[in-house]
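Hi,

Here is the structure I said I'd pass on. Have a look at it first, and then read my notes below.

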Amino acid sequence: MSADVRKALFPLAGHGTRFLPMTKASPKEMLPLVDKPVVQYVVEEAVASGINEIVMITGRGKRAIEDHFDISYELEDVLRQKGKMALLEEVRKISSLAEIVYTRQKESRGLGHAVLCGRLLIGNEPFAVALGDEVIDGPAPALSQLMSVFAKLDGPVIGVQKVPDSDVSSYGIVAGSDIGDGIIRVSSLVEKPSPSEAPSNLAIIGRYVLTPDIFDILETQNPGVGGEIQLTDALRTLSEKRPVYACEIKGSRYDTGDKLGFLKATVQFGLKSPDMGGVFRHYLEGLLYPRKTMEAQ
């Protein structure tokens, strides 16, 4: 019988080099997506999935993340004095979303090492992992989709989605046997293979449900691609000892640490905004079809 997944680990110590110079002094996870930072969307996904404890692995220059999820007495006082009660309530919700604790990854040694940094705070229980710059807009929270598979099969679950063959070298890739309902029993995992060496086009995306035995493997894991401790390599070792599964996540994924991915997410979430979606759509149509828009006016 599998234990409940109560905790989620957020590896947030990356430098965000793809977004320099913006990320020189501001974390990439704090980039604004309409009216919320990207990482808040991911925290809300975890909470909606039933997670009540979040372990954030941070590094130098990430203080803004801690401040965002902390109570801001001064701001709350200003909003209260100005009678902006709706905004006050919105700000208060942020600091009470979940129980959040922080620890640092002192060296940038890869995703696997970042996960290992959370060992003491996670303890001996299953846990989720969510990358704080990947937003997934789906019919159900992405983590809850994986947690449902974990509850059913009692084994580690990796979130995957199909990508074009030309993109496989940017991802960890899995292959295995389809056991139904979009679930794969994993037989092979390769970190950033060339298109000719990729075992499939099922790319690992930034969502996992893992078991604590991954920590012992990560402690002795040799550096892999890029000279870093790769979580994919540790999962390959784990799959040799116990069944590991992959689940095709339903939903649109946006890598907001990438400039094009961030722009796509901004458009998508801007159009969905109840406050400004209609006006924003009209503006975009004016850019794409200026003559048609002028005639309609």
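**What lines the pocket**

The residues of the lining of the largest pocket divide into 16 nonpolar, 17 polar and 15 charged. Keep in mind that this is a predicted model.

Some more on that pocket: the space in it comes to about 1500 Å³. It has 48 lining residues, and the closest to its centre are Arg18, Leu131, Glu134, Lys192 and Asp255. Helices H5 (111–116), H9 (231–239) and H10 (259–272) each give two or more residues to the lining, and so do strands E8 (157–162), E11 (202–210) and E13 (252–255). E11 gives the most, with four residues.

Where does the largest pocket lie? It lies between domain 1 (7–257) and domain 2 (259–290), because both of them give residues to its lining.

You'll find Lys192 in the loop between strand E10 (183–191) and E11, and it counts as partly exposed at 42% relative accessibility.

Val34 also has a positive phi without being a glycine, with a value near 65°. Val34 lies in the loop between strand E2 (32–33) and strand E3 (36–37). With a relative accessible area of 32%, Val34 is partly exposed.

Pro21 is in the loop between strand E1 (7–11) and E2.

Cheers

Notes. Residues numbered from 1 in each chain as written. Predicted model: local features only at pLDDT ≥ 70, side-chain atom pairs only at ≥ 80, totals over all residues. Heavy atoms only, no water. 1 Å grid on protein atoms, 1.4 Å probe; cavity = no way out; pocket = protein on both sides within 12 Å on 5 of 7 lines; lining within 4 Å. Points joined across faces, edges and corners; volume = space filled by probe spheres on them. Nonpolar A, V, L, I, M, F, W, Y, C, P; charged D, E, K, R; others polar. Domains from an automatic or database assignment. Buried < 20%, exposed > 50% of the residue type's maximum accessible area, 1.4 Å probe, protein only.
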